[in-house]
Structures are given as C-alpha cells and as structure tokens.
Amino acid sequence: MTKLSTQHRRIPSLSRFGWLMALYAENHARLQRLFDAWHLPVGQYLSSIGDGLDIRLDVVERHAYTSELRLSYDLIDPQTGLADPSAHLRLYRDARQLEATHCYAGRRWQDVLGLFPPPERLLDHRLRMNTFLGKWLQYLAEQGHGQATLRRLPMPVGDALTCADVGR
C-alpha cells in the first residue's frame, strides 16, 4: 500500500505595507489607462462627459521621475472653498506607482487622524485613501472619462500653477 504524504503548501501572506504598494501599482495602471498622465505637461485639464460632473486634473509639478497631480470634481465646497472631493497624487514614473498623499472629502487628514498619528494608524489611513482612489478611478472610467474627453484649460500668459491654485 502506498503511503500518502500530506504537503502543506504555504501561501505567502501579504503585509499591509505590501498591500499598499500593490494598490499604488494598480492605481498607476488605472490612471495611465484613463488619462495617460505621464505625458501631460504642467497645467490644468478638464474631462467632461456631459453629465454636469466634470473632472479636473491639475498637473502641479513634473520632475525627472515624479509628477505631482491633483484630481477633483470641478465643484467647490461652499463652506471651505476647496474642491470636494479631491485627491493629491504623486506619480512615480520609474516605479510605476501612484500614491494618494492627501484626500479631501469633507474633512482634512488632520481632522481625521490628529497631528501626530501613530504609524499603524497612518498606514491604515493610507490604505483607505488609496482604496478610495482606485475605486474612484475605476468609476470615472466606467462613466466614460478618458483621454478623449480630457482637454487642457488655457492659462494666461506668464501664469504658472501655484500652491494657491492647488487649494482650489
């Protein structure tokens, strides 16, 4: 009679940090399919599909390997004067990662976490922000936003996108 051996195959677990890095990679792929943000020069862009909820994409800065972006609806919260919701993004071209560094959906991160959150709480918050970003990007694509609906907004000569513009 043959003896059956049982093999325990270990399935590798994914740490929360590993999960976050995977979200960054997925969000990068989603944004690239949606707007091809790698190739956009500094400026302000609007994506309109005729539903009254235009998407605004600001390319705030471009560096050799990173770009700073802001994604929001073209709506302003009347109480704060800020775009709501909005996400500040860092696009890592060399690593093919997209990180939501700040999200504003009615409250600032300091109001949610406090000024000096413990690292575990901060990691959890980053997971939530980047999960939100991934779902938002997927939703925008399903609604019909994309490279074909994105147009650059004219900027007055001599003007540059400033930190004050980022707050809008």
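Okay, let's start with confidence: the average pLDDT for this protein is 82, and 74% of the residues score at least 70. Keep in mind that this is a predicted model. One stretch to be careful with is residues 162-168, where pLDDT stays under 50.

Now, the inside. In soluble globular proteins, nonpolar side chains tend to be buried together. Here, the largest nonpolar core has 24 residues, and the ones touching the most other members are F35, L69, L71 and L89. Which elements give two or more residues to this core? They're α1 (16-35), α3 (119-143), and the strands β2 (55-62), β3 (66-73), β4 (86-92) and β5 (97-104). The biggest giver is α3, with 5 residues.

Let's zoom in on L71. Skipping its neighbours within four places in sequence, L71 is in contact with quite a list, including F35, I55, L57, L89, L133, W136, L137 and L140. R56, P85, S86 and A87 are on that list too.

There's also a second, separate core, this one of 5 residues, with L20, L23, Y24 and L123 among them.

Is E99 buried or exposed? E99 counts as buried, because its relative accessibility is 9%, and the cut-off for buried is under 20%. And here's Y24 again: its side chain makes a polar contact with the E99 side chain, at 3.3 Å. Beyond four places in sequence, E99 also contacts H88, L89, R90, Y92, R126 and N130.

Technical notes: Residues numbered from 1 in each chain as written. Predicted model: local features only at pLDDT ≥ 70, side-chain atom pairs only at ≥ 80, totals over all residues. Heavy atoms only, no water. Core = buried A, V, L, I, M, F, W, Y, C linked by side-chain atoms within 4.5 Å. Buried < 20%, exposed > 50% of the residue type's maximum accessible area, 1.4 Å probe, protein only. Helix = DSSP H or I, 4+ residues; strand = E, 2+ residues; numbered from the N terminus. Contact = heavy atoms within 4.5 Å. pLDDT = per-residue confidence, 0-100. Polar contact = N/O pair within 3.5 Å; in protein donor to acceptor, adjacent residues only side chain to side chain.
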